[in-house]
Amino acid sequence: MTAPRLSLDDEILDLAVMWLPIGDPPADKIKRDFGVEPAEYRVRLARAIDRYLQTSNAGAVARLDRFFETSMLTALRPK
């Protein structure tokens, strides 16, 4: 049995969170994983973060892990 495939948003968010401690993912990894230039990746990342924050805040119970996820993704969002 194989694990279900993540959505593109999930994959973008996972990559961004994985690289958060050391900066942006390398351009070649972005191109290989998503087939786009880093500038387009950052646009897609911003959209993915916006969608995540909109859906996770709707009726969310205040839990520490939710607070951490939201804080981290808000800080990660390209300006």
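Is Leu15 buried or exposed? Leu15 is buried, with a relative accessible area of 5%, where buried means under 20%, exposed over 50% and partly exposed in between (1.4 Å probe, protein chains only). Keep this residue in mind, as we will come back to it after a look at the whole chain.

What you have here is a predicted model, in which local features need pLDDT of at least 70 and side-chain atom pairs count only at pLDDT 80 or more, while totals for chains, interfaces and linings use all residues. Residues are numbered from 1 along each chain as its sequence is written, and side-chain values use heavy atoms, with hydrogens and water left out.

Let us begin with confidence. The mean pLDDT (the predictor's confidence in each residue, from 0 to 100) of the protein chain is 79, and 72% of its residues reach 70 or more. Where pLDDT is low, the predicted coordinates should not be read in detail.

Now for the layout. The chain has four helices and zero strands, running α-α-α-α from the N terminus; helices (H or I, at least four residues) and strands (E, at least two) are DSSP runs, numbered from the N terminus. Helix H1 has 12 residues and reaches 17 Å from its first C-alpha to its last. That is close to the 16 Å expected at 1.5 Å a residue, the expected span being 1.5 Å times one less than the number of residues.

Of the 79 residues in the protein chain, 28% are buried. The chain exposes about 5600 Å², and carbon and sulfur atoms supply 60% of that area; accessible areas come from the Shrake-Rupley method with a 1.4 Å probe, and for residues only the protein chains shown count as cover.

Back to Leu15, which lies in helix H1. The buried residues of H1 are Glu11, Ile12, Leu13, Leu15 and Ala16. Neighbours within four places in sequence aside, Leu15 is in contact (heavy atoms within 4.5 Å) with Pro25, Lys29, Asp33, Phe34 and Tyr41. Across the protein chain, 49% of contacts between residues at least 6 apart in sequence join residues at least 24 apart.

Next comes the interior. In soluble globular proteins, nonpolar side chains tend to be buried together. A nonpolar core is a set of buried Ala, Val, Leu, Ile, Met, Phe, Trp, Tyr and Cys residues joined through side-chain atoms within 4.5 Å. The largest one here has 15 residues, of which Leu13, Tyr41, Leu45 and Ile49 touch the most other members. Helices H1 (8-19), H2 (27-34), H3 (38-57) and H4 (64-76) each give two or more residues to this core, and H3 provides the largest share, six residues. Leu45 touches Ile12, Leu13, Ala16, Leu76 and Pro78, not counting residues up to four places away in sequence.

Finally, the charged pairs. There are five salt bridges, each a side-chain nitrogen of Lys or Arg within 4 Å of a carboxyl oxygen of Asp or Glu. In one of them, the side chains of Arg51 and Asp9 meet at 2.7 Å, N to O. Because Arg51 lies in helix H3 and Asp9 in helix H1, this pair ties together parts that are 42 residues apart in sequence. Arg51 is partly exposed, at 39% relative accessible area.

Another salt bridge joins Arg44 and Glu40, whose closest N and O atoms are 3.0 Å apart. These two are four residues apart in helix H3, so about one helical turn separates them. Both are partly exposed, Arg44 at 26% and Glu40 at 30%. Glu37 and Lys31 also form a salt bridge (3.6 Å, N to O); Glu37 is partly exposed at 46%, and Lys31 is partly exposed at 40%.
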